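Here are a few friendly notes to read with the picture open. Take them one at a time, and find each feature as you go.

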Amino acid sequence: MLTWTFLGVGSAFAKRNFQSNVLVEAWSQGPGRQEAPDDTLLIDFGTTGPLALYALMQRPGFEYLRTGGAINYPAIRRVLVTHQHADHIGGLEEMALVNAYTFGDRRRGRPFKPQIISSISILMNLWDHSLKGGLNAMAGRYVLLQDYFFILALNLSEPDRNHFTMLKRYDVSLFPTDHIQIERKYDWPSYGVRIVDGQTGRSLFFSGDSRFDYPAYATMMEQADVCFHDVQLFDQPNPVHALLTELRTLPREVRAKTWLYHYGDNWDSGPFDDVPQHFAGFAEPARRYTIFE
Ligand SMILES: [Zn+2]
Ligand SMILES: [Zn+2]
C-alpha cells in the first residue's frame, strides 16, 4: 500500500496552512496493521516543514514520527527535493543537524543519514547556494552534503537513472516542470513526480511547482488514477504557478481526479467555493490519502 499525506497544502507565503510538502509512506500491510511504514519519503521540506511534522506526529496513526516530545527524524528515510525555493528546502538544515547531533552515533561521530534524492544540478546548487552556509562546519572540521545524507543523484536524460523504487514495487520518477524560466523553458531546474505501482500499473501525478503546461503533462495526467496540481488562486501576467483560471480549462475527466494544492490563504473566502464541483477538490493537510491499495 502507498499513502500520501501533505504536511501542508499552502503556497510559499501561506500562514493558515503549512507549505506544500508531502510525506509518502510505503506499507507491506497498511496503517493500523503495522506501527510504522516500511519506507518513507518526504517530497520537499520547507521552512514550515519542521513545525508541520511536529503537528502531524501528534495525530493518530503518525505516532512513529515522534520520540518523547520531539520529532523522530530518522523515521524519515528519504527526502526528495523538487527545486530550491525555501518553501521546499528550508527545513533541511534542521533535519540534517538534528540527525547529526541528536540521532547520530556519538561514539563514532557519525550522523544518522537519510537519503537525499534529486537531479545532480539541484543537489550541487542545493549545497553550494543554500545548505553549505549553515551545514559545512562541525567541531574541528569542514563537512559536505554526503556527511549528512546518502546521495541519490538522478539523471533525467537517462531513463535507467531517472527513477528509484519503494518496497521494490512503487516506481518514483521525476519530470521537468516549467516553474521559472531565465531565458527559456526548463533552464532553471524544477521537477514534478510520477509514481507507478509496478504490480497494477496504476499511477499518480504530482505537478511540483509548475506553470500551467497541460500539453506537457496530458499523457501522464490522463493515465494517472489521481493527480495533484499546483494552483495559484489569483490571476497575474507571466505567473510562475498554474492559475486556477487555466486549470479550469482542463478536460472534465482530468479535473475530476485532480486535487489542487499550493494555494493561498483565501481559498475559503467565497469565490473558490465551486472548486470541489469542478475538481476532486482542494487537497487537505494532514489527511492520509490511500493512493495504491
Ligand atoms: Zn512552492
Ligand atoms: Zn517554487
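**Notes on the sheet and one residue**

1. Seven strands make up an open sheet of mixed pairing, in the order β10-β7-β6-β3-β2-β1-β18. At its edges are β10 (150-154) and β18 (288-292), each pairing on one side only. From one strand to the next, the twist averages 25 degrees. Strands here are DSSP E runs of at least two residues, helices are H or I runs of at least four, and both are numbered from the N terminus; two strands pair if DSSP finds at least two bridges between them.

2. This is a predicted model, where local features need pLDDT of at least 70, side-chain atom pairs count only at pLDDT 80 or more, and totals for chains, interfaces and linings use all residues. Residues are numbered from 1 along each chain as its sequence is written, while chains are lettered from A and ligands numbered from 1 in the order in which they are written.

3. Now look inside the sheet: β2 (residues 22-26) and β3 (residues 39-43) run antiparallel and are joined by five bridges. Across from V24 you will find L41 in β3.

4. Is I71 buried or exposed? I71 is buried because 22 other C-beta atoms lie within 10 Å (buried means 20 or more within 10 Å of its own, exposed 12 or fewer, partly exposed in between, with C-beta atoms placed from the backbone).

5. A55 and I71 are 16 residues apart in sequence, and their C-alpha atoms are 9.5 Å apart in space.

Key. Axes fitted to C-alpha atoms, helices over the stretch in contact; angles between N-to-C directions.
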